[in-house]
Amino acid sequence: MAILVSKKVTKRFGGLEAVSKVDLEVKEHAIYSIIGPNGAGKTTFFNCVTGFYTPEEGEILLNDRNITGLSPDRVAHLGISRTYQNIRLFKNMTAVENILVGMQPHLKSGVIGAILRDPRTIREEKEAVEEANRLLGYINLKGMGDLLAKNLPYGQQRRLEIGRALASKPKLLLLDEPTAGMNPRETQDMVNFIRRLRDELGITILLIEHQMRVVMSISEQITVLDFGVKIAEGTPSEIQKNPQVVEAYLGRGAASGLSQTPVEG
Amino acid sequence: MKSETSYWVKTVQNGLIGGAIAMLLSLIGIVLAFGKTYIIIGLFSMGQVFVFTPIILESFVSARKAPSKNALTLLLLGGLSGLMGGVVLVVMIALQQVINLRSVLINLSPDLIALLTFKLPLALGLFVLIIAAVVIGVISAAFLLLPARIRGALSQAILTIVILGLFRDLIVTVITHWGFVRYAFLWLFALSGLSIPGVIVVFVVVGGLFYWRLGRKPKPVVKARTIQQQRLIRWGPMAVLGIIGLLLPVILGSYFSEILDNVGIYILMGLGLNIVVGFAGLLDLGYVAFYAIGAYTLGVFTTSEAVGIWHLNFWAATPIALIVAVFAGVILGLPVLRMRGDYLAIVTLGFGEIIRILVLSDWLKPLLGGSEGIQRIAQPSIGSFIFGNQQRLYYLILIGIILAGFISVRLKDSHLGRSWMALREDEDVAQAMGINKVATKLLAFAMGALFSGLGGALFATKIGSVYPQSFSFIVSINILSLIIIGGMGSIPGVFIGGLALVGLPLLLSQFADFRYLIYGAALVAMMLVKPEGLSPEARRRLELHEEIKEVPYEEPASVLKTPGELGGR
């Protein structure tokens, strides 16, 4: 069953079609990757899904529900969460506060509750803090909850950002280049971590990634964008053999020679 | 010994700087203006404090930073620094004898010269001035040679004497209010400054007290505290503060209660703006608008003049004033939701002006009275008890502050507080995390407007009338400065900022024309020394003072560079 369906989604900036008639179908519990050269429209597509941009044409369905044009916070409430290419934590808040903000969709108490601090609010807050600490343990940041996010090392910031996204208990998690700036070892850890998210938490993962080794090893389905247009779709092995893809990445000349060479997965 | 030789040069520099500051203070007239304000009656005036403090400080600094710790060297350095300071002043006076500088520097009067030369004949006076400067320099250097304990006690005693002498008038005003207890204190003071016995007593008592305190050994840390003790530690200071808060107007009398009321209203508004600017990061420069709306609404609904409507009492009209203010807050909030930073500041600034101009307009004159304002605004009363004077009104303001402070604390520690903070940090991401930008921002504006409206209502009933002039742009700026001085986002900071910013100028009325000069200098100095504010929020302190660790950023792995793979990037 498809959790996310994109039908002919088009997003224009002035005369430029950043995303052009993109069709996409992400199956539940899948790890799905979007790849493509720089400027291919991958992040723009993410922004359309999460409600930051309203596509000019087409529609986006989450569990058969049309979410096109909803505001980002509504989309978050419906179960889509994301991370960013350049880490965007709340830098001057502590790690645990970052996670607590992520829990926003599940906190019910309002202004009056906050002022009067009735038993329900106290309980909710206490449970939220416990849950946040548990989550910190899950992303391997135990005991670092009181550090300001900006003072964490790079790899931990990456994980904290994913932790914040997980805090809203999303059905669909959008990861924008989660291994950017990591060395091979850290990258491998991140790949394992993403698999665990899917296997243990049952979250569907949609991923933008540049490192081919990562993409090929982790993805079940891949969509390739180039200049906003979908040029290929399929399993990793299908994508590797696709001459159009190779051409998009390496230019026309290289395509003929390379398309026959098998690529390790 | 090159470094030591160069240090003598440095000392000469320091001394010249001290002299230059003393000269500057003399030339702006502050020295002469305080020539008759005695710290110790007949002996020592505030004017002399202004002249000699820069010289003392520079001599002290010269001696303290000296590379050698040799006692004689230190004294020589202090003396040299003092000499240089004295020389600057002497040159100034001598120059005046040769060419008439007074046409430009109008404060360089014979009176000033007489004051600087100790009312002696010129040549002798100049000589004594130099000697005095050198002696002062040596003494301040000698200060360094004293044991820390004595040094601490001495400096505290001297500081106390200067403060008591300077604020003699205000203190005496308060003391005379204390019934017969006043006789226990009044003899410490003279007609101006402290009396001779007063100085001796203060010196001995304060000096002795600090000597004793500095000598105490730190108590061993108590390891286990019972829950009751913990509660006492937590609530004890609060209770003491509360009692002092309740008794303040009684202790201080009506003059200071007036100041307290003003400070209180500013604190109330500061608490509101702190939510908007400090918590939610929305720079609002038109905050005075809600203050005006609160005040005018109360005025319109309670005035016994013909222009008013309904002629309600204070208690019935205040909720209306608050509702109108909150409504205005939401109205302002809606169009500016998309704006950030500077743009928001400009729009809110405009909003503040719109309200002021509306109030002044002929169109609304039948209702709001135009430039004549609204008079005869009702005073709050319970039964036959009327909150008619400043002391009684204080309690009403206190209740408002406690309420606002309580709500601020609770909201700050709730998930709403976190939402505000998240919006302040990164609006886009906050939204992607499920925070409703519209509702959260409007709530901040509404809370801010609520407290400001309450402040306005209290202000209107305190003055008994409202005029457009009371609601100028400078009020917004003052409240914003109050928050910045106290520490952005910090609730205790609002109180400290309010006392410092609103209370201090009133206390500084001592300084007459120089009050804004001193005030401005103090503000600049404070922002340089403590940019995070006087009572910063713990988080801000971290932001500004914690060493920012380098985030290790490694080059993207080069695993893709082998031929045969599809290269990203």
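Modeller: Domain bounds in what follows come from an automatic or database domain assignment. This is a predicted model, in which local features need pLDDT of at least 70 and side-chain atom pairs count only at pLDDT 80 or more, while totals for chains, interfaces and linings use all residues. Residues are numbered from 1 along each chain as its sequence is written, with chains lettered from A and ligands numbered from 1 in the order in which they are written.

Biologist: OK, which domains does chain A get?

Modeller: Chain A is assigned domain 1, made of 2–79 + 170–258, and domain 2, covering 91–161. Taken over C-alpha atoms, the centres of these two domains of chain A are 28 Å apart.

Biologist: And how many residues of domain 1 of chain A are in contact with domain 2 of chain A?

Modeller: There are 6 from domain 1 of chain A, in contact with 4 residues of domain 2 of chain A, where contact means that C-beta atoms, placed from the backbone, lie within 7 Å. On the domain 1 side, the touching residues of chain A are 3 nonpolar, 2 polar and 1 charged; Ala, Val, Leu, Ile, Met, Phe, Trp, Tyr, Cys and Pro count as nonpolar, Asp, Glu, Lys and Arg as charged, and the others, Gly among them, as polar.

Biologist: Switching to helices, at what angle do α3 of chain A and α17 of chain B pack?

Modeller: Helix α3 (residues 95–102) of chain A and helix α17 (residues 415–425) of chain B pack at about 100 degrees, with 10 Å between their axes. Helices are DSSP runs (H or I, at least four residues), numbered from the N terminus, and axes are lines fitted to C-alpha atoms over the stretch in contact, with angles from 0 to 180 degrees between N-to-C directions. The angle therefore makes α3(A) roughly perpendicular to α17(B), a label that covers 65 to 115 degrees, whereas under 35 is roughly parallel, over 145 roughly antiparallel and the rest oblique.

Biologist: Which residues meet there?

Modeller: E97(A), L100(A) and V101(A) of α3(A) meet H415(B), R418(B) and A422(B) of α17(B), and by class that contact has 3 nonpolar, 1 polar and 2 charged residues.

Biologist: Where is confidence lowest and highest among the chain B helices?

Modeller: In chain B, helix α23 (residues 538–545) is lowest with a mean of 62, and helix α19 (residues 437–463) is highest at 95, on pLDDT, the predictor's confidence in each residue from 0 to 100. Chain B averages 85, and 92% of its residues score at least 70.

Definitions and conventions:
Helices (H or I, at least four residues) and strands (E, at least two) are DSSP runs, numbered from the N terminus. Two residues are in contact if their C-beta atoms, placed from the backbone, lie within 7 Å.
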